[in-house]
Amino acid sequence: MKISILKTMASAIFLAAAVSCSSHDEMMADTQTQSKSDFSTEALKTKTYKLRFGLISLDGTKTLSGNHDVGSFLAENTVTGEVYDTYYGGGFQTLPGYYDGVPAGDYTFSAMQGQGGWTGYGSVTGTVSDAQVDADGYITVYIPVTWAE
């Protein structure tokens, strides 16, 4: 008799526990929502910077104006490999080129040839951080011209 009472009580406790718990799907949905929320909060905390791109001509002159045979300015994070690209859908760009939303870090900055193929570009490395922000609120990067026709 005692054994059957114990079995009945154990079954009742197990059934009550099973009914009161959420399904696996509900628990996963809660976990996923939490993760997305944490990610969104973390993403909002990540500070980003505005880049302004110019060129250094063959004679060493820095310029932030004019139309140039630039397909795109690039900023590649040297740690993550993530690339930020100013491509605007054409082969010529008016300087300065802009990119808003680059997180802090070490980058290799370069430019791609435009559609004319009349100019070649080198690259420079630098750090994106508060220390490089100028009075206008930008980090200005000058890409060297390595050859021009």
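**Entry 1: Arg52**

I began with Arg52, which I found in strand E1; helices (H or I, at least four residues) and strands (E, at least two) are DSSP runs, numbered from the N terminus. The model is predicted: local features need pLDDT of at least 70, side-chain atom pairs count only at pLDDT 80 or more, and totals for chains, interfaces and linings use all residues. Residues are numbered from 1 along each chain as its sequence is written, and side-chain values use heavy atoms, with hydrogens and water left out.

Is Arg52 buried or exposed? I noted a relative accessible area of 9%, so Arg52 is buried; buried means under 20% relative accessible area, exposed over 50%, and partly exposed in between (1.4 Å probe, protein chains only).

I then looked up polar contacts, meaning pairs of N or O atoms within 3.5 Å; within protein, one must be able to donate a hydrogen and the other to accept it, and residues adjacent in sequence count only if both atoms are side-chain atoms. The side chain of Arg52 makes one with the side chain of Asp134 at 2.5 Å and one with the side chain of Asp136 at 3.4 Å. Not counting residues up to four places away in sequence, Arg52 also touches others, among them Leu64, Pro96 and Tyr138; contact means heavy atoms within 4.5 Å.

**Entry 2: Pro96**

I located Pro96 in the loop between strand E6 (93-94) and strand E7 (97-103). The peptide bond from Leu95 to Pro96 is cis, with omega near 0°.

**Entry 3: The nonpolar core**

A nonpolar core is a set of buried Ala, Val, Leu, Ile, Met, Phe, Trp, Tyr and Cys residues joined through side-chain atoms within 4.5 Å. The largest one has 19 residues, of which Leu51, Leu55, Phe73, Phe109, Val128 and Ile143 touch the most other members. Strands E1 (48-56), E4 (70-77), E8 (105-113) and E11 (139-148) each supply at least two residues of this core. I recorded that Leu51 touches residues including Ala75, Phe109 and Val128, not counting residues up to four places away in sequence.

**Entry 4: A sheet**

I traced an open sheet of four strands, in the order E5-E4-E8-E10, with antiparallel pairing; two strands pair if DSSP finds at least two bridges between them. Strand E5 (83-85) and strand E10 (123-128) are the edges, each pairing on one side only. Three bridges join E4 to E5, and Glu76 stands opposite Val83 in E5.

**Entry 5: The whole chain**

I noted two helices and 11 strands in the protein chain. Of its 149 residues, 26% count as buried.
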